[in-house]
Amino acid sequence: MGLFLGLGIGGIVLLVCSLVFDGVLEGVFDGALDGLFDGWLSLPVIAGFVSMLGFTGAIVLGTTGLGPEAAAAAGAVAGTGAGWLTYRLCRALARDSSGAAPRQRELVGSAGTVVTAIPAGGYGEVLLRLGGQPAKYAATADAPVALGAEVWVTATPSSTSVSVRAVER
């Protein structure tokens with residue numbers, strides 16, 4: 001029982017190490033195994049396998065009258081499943097390309113709110129929502145715009161500033 005619990009806890013520790021030392025195991029072999037395992041030899045996959053092997057083995061050993069061999073076999077099956085699920089999840093997360101930063105031209109037409117009043121011929125600040133996240137930009141306008149006014153972005157003269165016009169209702 002102690003061996004199985006030790007493997008389960010060791011797998012959890014390995015998972016924490018995989019979060020802290022991301023990509024270390026892949027770099028240990030200095031590219032010699034590139035393409036051979038195609039992501040199967042990664043710390044999260046190994047951690048999932050080892051922890052599931054240990055905890056499932058401990059559960060089977062403690063709740064049934066089966067011996068350690070049957071507990072190890074059940075743990076290996078469960079560990080293989082956990083490793084496969086971890087591999088698939090890691091691949092799905094790696095393919096996710098929706099986290100691209102917005103480009104300047106994509107700001108044109110977006111709505112925002114004035115957080116620092118914009119004087120005529122001067123700069124103020126606007127808060128824009130980009131992908132659900134707030135982003136503050138320096139802003140100019142043709143006419144003064146009051147604090148709290150809703151604005152539309154008309155141009156992006158630089159990466160940190162926008163030109164706006166007040167929304168008329």
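Visitor: How do you know that the reach of H3 from its first C-alpha to its last is close to the one expected at 1.5 Å a residue?

Guide: The model is predicted, with local features requiring pLDDT of at least 70, side-chain atom pairs pLDDT 80 or more, and totals for chains, interfaces and linings using all residues. Residues are numbered from 1 along each chain as its sequence is written, and side-chain values use heavy atoms, without hydrogens and water. A helix is a DSSP run of H or I with at least four residues, numbered from the N terminus; its expected span is 1.5 Å times one less than its number of residues. H3 has 21 residues, for which 30 Å is expected, and it reaches 30 Å.

Visitor: What makes the span of helix H4 agree with its 28 residues?

Guide: Residues 68–95 should span 40 Å at 1.5 Å a residue, and the end C-alpha atoms are 40 Å apart, so the two agree.

Visitor: Why is H1 called roughly antiparallel to H3?

Guide: Axes are lines fitted to C-alpha atoms, for helices over the stretch in contact (heavy atoms within 4.5 Å), and angles run from 0 to 180 degrees between N-to-C directions. H1 and H3 pack at about 160°, their axes 7 Å apart. Roughly antiparallel requires an angle over 145 degrees, and H1 is therefore roughly antiparallel to H3.

Visitor: What classes of residue make up the contact of H1 with H3?

Guide: Residues of H1 including Phe 4, Leu 5 and Gly 8 meet residues of H3 including Leu 43, Pro 44 and Ser 51. By class, this contact has 17 nonpolar (Ala, Val, Leu, Ile, Met, Phe, Trp, Tyr, Cys and Pro), six polar and no charged residues (Asp, Glu, Lys and Arg), the others, Gly among them, counting as polar.

Definitions and conventions. Helices (H or I, at least four residues) and strands (E, at least two) are DSSP runs, numbered from the N terminus. Angles under 35 degrees count as roughly parallel, over 145 as roughly antiparallel, 65 to 115 as roughly perpendicular and the rest as oblique.
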